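Trainee: I have a structure open and would like to learn how to read it. Can we go through it feature by feature?

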Amino acid sequence: MSAAVTSRSAPWGLLLLAVAAWIGAYASLVPFADFVIGLFGLTRTTHLGEALHFFFYDTPKVLLLLTAVVFAMGVVHTFVTPERTRALLAGRRLGVGNVLAALLGIVTPFCSCSAVPLFIGFLSAGVPLGVTFSFLISAPMVNEVALALLFGLFGWQVAALYLGLGLAVAIVAGLVIGRLGMERYLEDWVRQMQASQSADYAAERIGWAARIEAGVGHVKQIVGKVWPYILAGIAVGAGIHGYVPQDFMASIMGKDAPWWSLPAAVAIGVPMYANAAGIIPVVEALLGKGAALGTVLAFMMSVIALSLPEMIILRKVLRIPLIATFAGVVAAGILVVGIVFNAVL
Amino acid sequence: MKTIKILGTGCANCRNTYQLVEEVARAKGVEIALEKIEDLQQIMAHGVMSTPGVVIDGKVVHAGGVPARAKVEGWFA
């Protein structure tokens with residue numbers, strides 16, 4: 001049966017058609033939005049027309065980008081399993097190991113609910129604590145959904161900055177935690193986990209047909225879950241676009257805001273829990289109302305990277321001093337990112 | 001009768017996997033003893049790093065995500 005599965009030929013023709021349809025759709029975004037507001041008898045010269053145009057342009061655009069990126073990542077995930085990542089990282093030294101771990105965090109399939117099993121699995125296979133943390137910080141924070149959404153909504157520059165700074169925070173925070181030598185703050189049963197046992201289930205050999213299927217499955221799972229948040233985010237953005245004065249937030253979170261604005265944003269973001277899609281409406285609203293980009297991105301990073309529920313789960317494997325250090329180092333890194341950002345832009 | 005354990009800390013994917021296995025087994029008329037393992041130490045003892053994992057008669061057959069229906073059907077073939 002498995003032989004039949006692997007030898008199935010991949011649906012290249014269908015994939016090609018899908019790519020062509022995607023390009024066609026992406027190329028006709030503006031005419032589509034024009035057409036839709038035309039149906040309402042509106043033009044872009046009115047507030048309502050402009051707001052609706054923004055909504056009907058941005059929604060398909062972001063969903064198209066997200067679908068493409070999520071599909072590609074679904075295929076990539078079939079190459080990079082957590083087991084393979086672990087093998088690549090085992091025994092690496094601090095430094096190179098942290099860079100590699102942060103990069104692998106982008107492409108390794110990761111669900112926040114398996115953060116703890118992954119954490120223990122890495123440690124028991126001889127991945128150093130600091131390197132493990134680099135992975136654990138990068139994997140949820142620098143993910144394809146966050147990048148695709150930032151790219152779609154705010155342009156590639158913002159997405160690239162988020163990618164670079166997210167990696168930097170993950171690498172440096174992991175290095176710091178590694179240097180502090182906090183292995184003694186692991187719970188005893190974790191330290192006693194025997195290095196050996198990796199599940200010996202036969203990692204199936206899969207062909208391209210299955211890889212493409214995995215990509216489609218990933219799209220169904222991710223896009224199917226996050227589209228309401230995206231609609232909400234763009235609706236908020238559209239509302240602001242048409243109506244609210246641009247400098248509404250500028251005095252609290254803008255470039256000339258008081259010094260405590262950025263630390264306050266990070267402090268509010270740390271205990272909060274939301275995924276990349278859920279936080280996008282808020283980001284859209286803040287940016288649209290004149291908040292500074294560095295402050296907003298720092299807020300977004302702190303919400304995604306750190307959360308109270310995650311720390312409660314981590315408490316099963318880490319003692320309080322290590323959790324506090326983890327949260328403190330990551331929050332400090334994010335704060336620095338925000339300061340640099342606001343100073344440079 | 002097969003003894004099947006679903007390993008997972010209680011996330012949505014773990015529940016989906018549990019339901020899928022239950023459903024396919026019933027459709028195929030295979031009798032199974034299905035059990036959910038949510039305790040971390042037990043999960044780790046199976047050497048599973050990415051949940052949900054599926055253990056059949058003590059052997060890990062799947063880990064890291066909801067298995068495809070065809071794969072689940074293969075277990076009961």
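Trainee: Which helix holds A:Phe122?

Mentor: A:Phe122 sits in helix 7 of chain A, residues 115-124. Keep in mind that this is a predicted model.

Trainee: Is A:Phe122 buried or exposed?

Mentor: Use the cut-off: buried means under 20% relative accessible area. A:Phe122 has a relative accessible area of 1%, so A:Phe122 is buried.

Trainee: What does A:Phe122 touch, beyond residues up to four places away in sequence?

Mentor: Its contacts include A:Pro82, A:Thr85, A:Arg86, A:Leu89 and A:Phe135. Chain B takes part too: B:Met49 is on the list.

Trainee: Let me follow one of those. Where does A:Thr85 lie?

Mentor: In helix 5 of chain A, residues 82-89. A:Thr85 counts as buried because its relative accessibility is 0%. Leaving aside neighbours within four places in sequence, A:Thr85 contacts A:Val80, A:Leu104, A:Thr108, A:Phe122 and A:Phe135.

Trainee: How many residues does each chain bring to the contact?

Mentor: Chain B brings 20 residues and chain A brings 22.

Trainee: Now the inside. What should I look for?

Mentor: In soluble globular proteins, nonpolar side chains tend to be buried together. The largest nonpolar core here has 87 residues. Within that core, A:Tyr162 and A:Met300 touch the most other members. A second, separate core has 13 residues, among them B:Ile4, B:Ile6, B:Val21 and B:Ile32.

Trainee: Which residues of helix 14 of chain A are buried?

Mentor: A:Ser261, A:Leu262, A:Ala265, A:Val266 and A:Gly269. These residues lie on the same side of helix 14 of chain A because they cover an arc of only 135° around the axis. On the other side of that helix, A:Ala267 and A:Ile268 are exposed.

Trainee: And strands? How do strand 1 and strand 2 of chain B run, parallel or antiparallel?

Mentor: Strand 1 (residues 2-7) and strand 2 (residues 32-37) run parallel, joined by six bridges. B:Lys5 has B:Glu35 as its bridge partner. Between the strands, the chain passes through helix 1 of chain B, residues 12-28. This β-α-β crossover is right-handed.

Notes. Residues numbered from 1 in each chain as written. Chains lettered and ligands numbered in written order. Predicted model: local features only at pLDDT ≥ 70, side-chain atom pairs only at ≥ 80, totals over all residues. Heavy atoms only, no water. Core = buried A, V, L, I, M, F, W, Y, C linked by side-chain atoms within 4.5 Å. Buried < 20%, exposed > 50% of the residue type's maximum accessible area, 1.4 Å probe, protein only. Helix = DSSP H or I, 4+ residues; strand = E, 2+ residues; numbered from the N terminus. Arc of directions from axis to C-beta. Pairing = 2+ DSSP bridges. Right-handed = clockwise from strand over helix to strand, strands pointing away. Contact = heavy atoms within 4.5 Å.
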